[in-house]
Amino acid sequence: MTPYLSIHTIAPNQERLLRSLVVDGLNAEPKILPSVLLWDDAGHELFRKITKSQFYCGPQADSEIMKGRLREIREYLGDDGVLVELGAGSIPHTTAILEELYRHGAKTRYLAHDFCQNRLRQSLGRVGKELGTKYPESLHRMRGVAGTYEQVFEWLAKTNHLEGHRVLVIWLGNSLSHISDAEFPDMIEMLMRSIWQSRAASSMLIISVGGGGGQEASALLRSSYDAPDGSSAAFVANALRHANRLLGGANDLTLDPGIWKAVFRANAQGTAGVWAFRSQAPTQLVVDGRVVACAAGEEIDLITITPRDAANVTGLLALSATQVVVTWKHRSFDWSKYTLSR
Ligand SMILES: C[S@@+](CC[C@H](N)C(=O)[O-])C[C@H]1O[C@@H](n2cnc3c(N)ncnc32)[C@H](O)[C@@H]1O
């Protein structure tokens, strides 16, 4: 039996929000698509295939680092801390943390956040199944929160779930590599400010990022994000289908997949990569009845990847009021955890 775990949806009209982002992006100059289009149900399944691929080493490093730090995490959270996971997705690593906490009798509450409500429901259901038999009380301590990052930050500031508790926020899966240098310090600031407003007793943030710089960085970037087995291209192509599903009204002419091909471009230094859709011929879109002309070879950017390492994160955070207190390096891959605190 799948245990019932509650999911709080911050904004019930996510589809409408997403559609308006797509419309605005296609009317912008240059045209863009929001990267969150990648994360519908089908996108999550395709991402799971990527995480199993030999070309993407992040998840294994995440899991190995986390397993080596369970005691530290438990000691930080104490008896009744709150564990918040941002962009939890398929929740590949957190059962081990929760198991460690519940095995030692902690009453930790777990708040899993993601944009995709269905994926959150499925993932929490699985975690509940895995832990619920041994620790039935744990089922009352886990819940999901669906929304964008900005929405969950606002929600965290207002909720009473954190008040008086030690709070550990984990942000895994290299998610911050998808946030630009310009946005990165602001996102961290927004998060830290909302936790401060929530009246948490104390807070700590662990983020995992990886694959920055070094020799052969460009080749590594390409093989990780444009895998030779085609798994990344399939993941990206799904975002076009998602955009078309959101458009697709009587007053829309959608992005023809026969014309718009997914392309990956990376700079020679391996410090940035972009997935975009490139038109193979002159074409036009009709968005809400408005005709948008597109030249042959025109590109619509979907997602920018900025591989990050310890030096890069420390540099960016020097601009914010947050400090890196420790970095956990992985032995075989340039992948680190940063514990940040004010
Ligand atoms: C790279 S995946 C990481 C998933 C998981 N933490 C892991 O380690 O496999 C990024 C996750 O963030 C979520 N996400 C991406 N953009 C988001 C946004 N703008 N707001 C909220 N969630 C987002 C996706 O749905 C996805 O689950």
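In this predicted model, aspartate 288 is partly exposed, because 14 other C-beta atoms lie within 10 Å, a count between the limits of 12 or fewer for exposed and 20 or more for buried. Aspartate 288 is placed in the loop that joins strand 9 (283-287) to strand 10 (290-294). The phi angle of aspartate 288 is near 50°, a positive value in a residue other than glycine. A positive phi, near 65°, is also found at arginine 199, again a residue other than glycine. Arginine 199 belongs to the loop between helix 8 and strand 6 (202-210). Arginine 199 counts as exposed, because it has 12 C-beta neighbours inside 10 Å. A further backbone feature is located at proline 30: the peptide bond leading from glutamate 29 to proline 30 is cis, with omega near -5°. Proline 30 lies in the loop between helix 1 (14-27) and helix 2 (41-52).

Two packed helices are described by the angle between their axes and the distance between the axes. For helix 2 and helix 10 (residues 231-246), the angle is about 170° and the axes are 9 Å apart. The two helices, helix 2 and helix 10, are therefore roughly antiparallel, as the angle is over 145 degrees. On the side of helix 2 the contact is made by Ala42, Gly43, Leu46, Phe47, Lys49 and Ile50, and on the side of helix 10 by Ser231, Ser232, Ala234, Phe235, Asn238 and Ala239. Sorted by class, the residues of this contact between helix 2 and helix 10 comprise seven nonpolar, four polar and one charged.

Helix 7 (residues 149-158) packs with helix 8 (residues 184-197) at an angle of about 20°, and their axes are 7 Å apart. Helix 7 and helix 8 are therefore roughly parallel to each other, the angle being under 35 degrees. Helix 7 contributes Tyr149, Phe153, Glu154, Leu156 and Ala157 to the contact, while helix 8 contributes Met187, Met190, Leu191, Ser194, Ile195 and Gln197. The contact of helix 7 with helix 8 has eight nonpolar residues, two polar and one charged. Glutamate 150 is also situated in helix 7. Glutamate 150 counts as partly exposed, because 13 C-beta neighbours are found inside 10 Å. Although glutamate 150 and methionine 187 are 37 residues apart along the chain, their C-alpha atoms are separated by 8.1 Å.

The pair formed by helix 4 (residues 70-77) and helix 5 (residues 94-103) has an angle of about 60° and axes 10 Å apart. Helix 4 and helix 5 are therefore oblique to each other. The crossing in which helix 4 passes helix 5 is right-handed. Leu70, Ile73, Arg74 and Leu77 of helix 4 make the contact with Ala96, Ile97, Glu100 and Leu101 of helix 5. Of the residues in this contact of helix 4 with helix 5, six are nonpolar, none is polar and two are charged.

Arginine 119 is part of helix 6 (residues 117-132). Arginine 119 is buried, because 24 other C-beta atoms lie within 10 Å and the limit for a buried residue is 20 or more. When neighbours within four places in sequence are left aside, arginine 119 is in contact with Asp41, His44, Gly89, Ser90 and Asp114. Arginine 119 and glutamate 183 are 64 residues apart in sequence, and the distance between them in space is 26 Å, C-alpha to C-alpha.

The ligand is surrounded by 16 residues, of which the closest are Trp39, Gly87, Gly89, Phe115 and Gly173. The shell around the ligand consists of eight nonpolar, seven polar and one charged residues.

Lysine 329 is located in strand 12 (residues 323-329). Lysine 329 is partly exposed, because 13 other C-beta atoms are within 10 Å. The C-alpha atoms of lysine 329 and serine 208 are separated by 9.9 Å, with the two residues 121 residues apart along the chain.

Terms used. Residues numbered from 1 in each chain as written. Predicted model: local features only at pLDDT ≥ 70, side-chain atom pairs only at ≥ 80, totals over all residues. Axes fitted to C-alpha atoms, helices over the stretch in contact; angles between N-to-C directions. Helix = DSSP H or I, 4+ residues; strand = E, 2+ residues; numbered from the N terminus. Parallel < 35°, antiparallel > 145°, perpendicular 65-115°, else oblique. Left-handed = near helix turned anticlockwise from the far one by under 90°. Contact = placed C-beta atoms within 7 Å. Nonpolar A, V, L, I, M, F, W, Y, C, P; charged D, E, K, R; others polar. Near = placed C-beta within 6 Å.
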